[in-house]
Structure formats: C-alpha cells, structure tokens
Amino acid sequence: MTKISGHTKIVGIIGDPVQHSRSPQMHNAAIAERKLDYIYVPFHVRSGELREAIEGFKALNVLGVNVTIPHKRAVMSILDDASREATLIGAANTLIFCDGKVYGDNTDAQGFLQAMAEEGIDVPVGGSAVVLGAGGAARAVVVALALSGLNLITIANRTEWKANQLEKELAPTSETAISVVDLASSQLNAAIHSADLLVNTTSVGMKDTDQLLIDLDSLSPDTTVYEIVYTSPETPLLRIAREKGCQTIGGIGMLVHQGAIAFEKWIGIVPNVETMRIALEQALYPKEL
Ligand code: ATR
C-alpha cells in the first residue's frame, strides 16, 4: 500500500457501480512496484453527478481517471477536448486533467491491438473480421480494426438497429467495408467461415452457463478467436475455438493494456504490464490460482 503524504498524486476510476472494478488492484500494483508516490482510487459517481464530479477532480488536482459504465459515452459532452480514437468511438475511458481542462481519450482500441500483438498475432491487414455485438466495446474494436486496414468487418448483434447505427457512423471514417448481418443468418456463418478474426464483444460468456451466441460449425482453424469477456480465463467460446485448433485470445490482455496505456499517459512512466496482469488475475480468478 502506498504511503500517503501531502505529495501523493491521485488517479482513479469513476463508475456506477464501481465496487466491482479490479482496476485499483491492477494500477496500485504497478505503482507500488515502481515505488511511485501515486494512488489509484475508485470513485462512485452517479449519472446525475458526472459534471460535478469532473469539476471536483479539477479543483482537487486529480491527475486523471478511467471511466467505466455508465459514463463512457455521457462524459464526451463534458470534455474540453478529445482524442481521435475517443471521437470516433464516441466514448472516453481515460480522462486527463491539466490546467483546469479535461481531455478525453480512449485506450480500449489500442489496448485491443496491443493484446493481440503480445500473443504474436498480426492484425489481418487486407483481411476480414467478424465482430459480435454493437455496444461500447464493439465500437472500440471496430474502430481499432478499421484504422488498421482490414478489408471487411461484419457486425452481428442481437439488436440489429444498433449494429446498423454503428455501421452508419463508422463506415464514412475508413476505407474498410462494414456490413451488418443477422445473428442467426447463413450470411453470418459464411462470414465466420472466411474470417481471419472473430471477436466477441458481447457479455455472453460471462457466466459458464451462457448458451453460445452463434453456431460455430463453420468456424475454421485458420480463424483467430478473440474474446473480450474476462470473467473467466477460458469462456465456452474460447474452449470450443481452441478444440477446433484456432488461435485464441482471452479478454484479460485488453484490460491490462488499456490500463497500461492510461497509466503511461497520466504518469509518464511505462508500467510493468506483467505486474498488472498478475494483480488482475489474482483479483479476478482467486480460486483458479
Ligand atoms: P460494453 O460497453 O461492454 O460493450 P454494452 O454497451 O452494454 O456493454 O453492450 C453489450 C453488448 O452485449 C451489446 O451488443 C448487447 O446486445 P444488444 O445491443 O442487443 O443489447 C450484447 N448482449 C448482452 N447480453 C446479450 C445476450 N444475452 N444475447 C446477445 N447479446 C447480448
């Protein structure tokens, strides 16, 4: 635990709820390892009080905060400035306070790509991906892939109009073709069959009892399967993909890397990603370790 003094600088996370967040363990482990005079604090901020909270952080000289549900999109209208990623995604997960101003960034897209690179898997430039879901995480993933030069991204979501809206907003911003298909359609099976990458950004898989969202019969061993859900080290989707011979990527890497990028932006020091990962795994999977 950091020894708190009059010099200790504050970073943290805002959300409602925020008690479930494991980011404090992850960041404080990296802070402690580098013997930095910082502390990462969870702040429970209700939706109606977001603006007041941001003003309070400015007044209290808080350096920066991560943003989680339900504030990621809402916070955009309060920012003085935003990064290209945050603007394209339409959401900020990292705020930086400086000179009485608040700057919004989004490290999810970069975190998604870095976690993939860490596994030695290249972004399929010129290839295709299937993205399941059309919520906040899907927006970050689609932006990351579209900016990386994919040829085609196929989106399938339970609520189709949300996928259509995502396509409408993002299609004009890149040369990547974006198509929307139904979750239970033969077009989705065909897209999965030829995809270089399949990404699940929905919350399906958080519980071991969750039914699979899609039919995996058409999944080829040449497809990399990437799961954003991190509540268990191997979700049913990842287990089936592994058994089919696919390369698989679990959700913890993206969580670690989005955090590590935010840490560096606030503190100016590259944290030890392994330390962050171990702290997260201990917090998330205590029984399995
Ligand atoms: P996040 O920020 O983590 O992406 P979100 O914005 O609430 O969270 O998005 C959750 C995603 O999971 C959505 O794509 C949601 O589908 P809907 O748009 O139809 O709500 C998807 N999702 C959640 N529960 C689901 C379920 N039981 N079956 C299918 N999709 C589900």
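Q: At roughly what angle do the axes of helix α4 and helix α9 cross?
A: In this predicted model, helix α4 covers residues 108-118 and helix α9 covers residues 252-267. Their axes come within 7 Å of each other, and the crossing angle is roughly 120 degrees.

Q: Which residues of α9 meet α4, and how many nonpolar, polar and charged residues does the contact have?
A: On the α4 side, the contact involves Asp 108, Gln 110, Gly 111, Phe 112, Gln 114, Ala 115 and Glu 118, and these meet Gly 253, Met 254, His 257, Gln 258 and Ile 261 in α9. Sorted by class, the contact of α4 with α9 has four nonpolar, six polar and two charged residues.

Q: What is the handedness of the crossing of α9 and α10, and which residues of α10 make the contact?
A: The axes of α9 and helix α10, the latter spanning residues 273-284, come within 10 Å and cross at roughly 130 degrees, and the two helices are therefore oblique to each other. The crossing of α9 and α10 is right-handed. From α9 the contact uses Ile 252, Gly 253, Leu 255, Val 256, His 257, Gly 259 and Ala 260, and from α10 it uses Val 273, Met 276, Arg 277, Leu 280, Glu 281 and Leu 284.

Q: How many nonpolar residues does the contact of α9 with α10 have?
A: Among the residues of this contact are Leu 255 and Val 256 of α9, together with Leu 280 and Leu 284 of α10. By class, the contact of α9 with α10 has three polar and two charged residues, and the number of nonpolar residues is eight.

Q: Which residues of α6 does α5 meet?
A: Helix α5 (residues 136-147) packs against helix α6 (residues 160-170) at about 35 degrees, with the axes 11 Å apart, and α5 passes α6 in a right-handed crossing. The contact has five nonpolar, no polar and two charged residues. Ala 138, Arg 139, Val 142 and Val 143 of α5 meet, on the α6 side, Leu 166, Glu 169 and Leu 170.

Q: Is Thr 154 buried or exposed?
A: Thr 154 has its place in strand β8, residues 152-156, and, leaving aside neighbours within four places in sequence, is in contact with Ala 129, Val 130, Val 131, Ser 179, Val 181 and Ala 191. Its relative accessibility is 3%, which means that Thr 154 counts as buried.

Q: What distance separates the C-alpha atoms of Gly 104 and Glu 85?
A: Gly 104 is found in strand β6, residues 101-105, and counts as buried because its relative accessibility is 0%. Not counting residues up to four places away in sequence, Gly 104 touches Leu 79, Asp 81, Ala 82, Ser 83, Ala 86, Ala 92, Thr 94 and Leu 95. Gly 104 and Glu 85 are 19 residues apart along the chain, and their C-alpha atoms are separated by 9.6 Å.

Q: How many disulfides does a search of the whole structure find?
A: Cys 98 counts as partly exposed at 47% relative accessibility, whereas Cys 246 counts as buried at 7%. A disulfide requires a pair of cysteine sulfur atoms within 2.5 Å. Over the whole structure, the number of disulfides that the search finds is zero.

Conventions: Residues are numbered from 1 along each chain as its sequence is written. This is a predicted model: local features need pLDDT of at least 70, side-chain atom pairs count only at pLDDT 80 or more; totals for chains, interfaces and linings use all residues. Side-chain values use heavy atoms; hydrogens and water are left out. Buried means under 20% relative accessible area, exposed over 50%, partly exposed in between (1.4 Å probe, protein chains only). Axes are lines fitted to C-alpha atoms, for helices over the stretch in contact, and angles run from 0 to 180 degrees between N-to-C directions. Helices (H or I, at least four residues) and strands (E, at least two) are DSSP runs, numbered from the N terminus. Contact means heavy atoms within 4.5 Å. Ala, Val, Leu, Ile, Met, Phe, Trp, Tyr, Cys and Pro count as nonpolar, Asp, Glu, Lys and Arg as charged, and the others, Gly among them, as polar. Angles under 35 degrees count as roughly parallel, over 145 as roughly antiparallel, 65 to 115 as roughly perpendicular and the rest as oblique. A crossing is left-handed if the near helix is turned anticlockwise from the far one by less than a right angle, and right-handed if clockwise.
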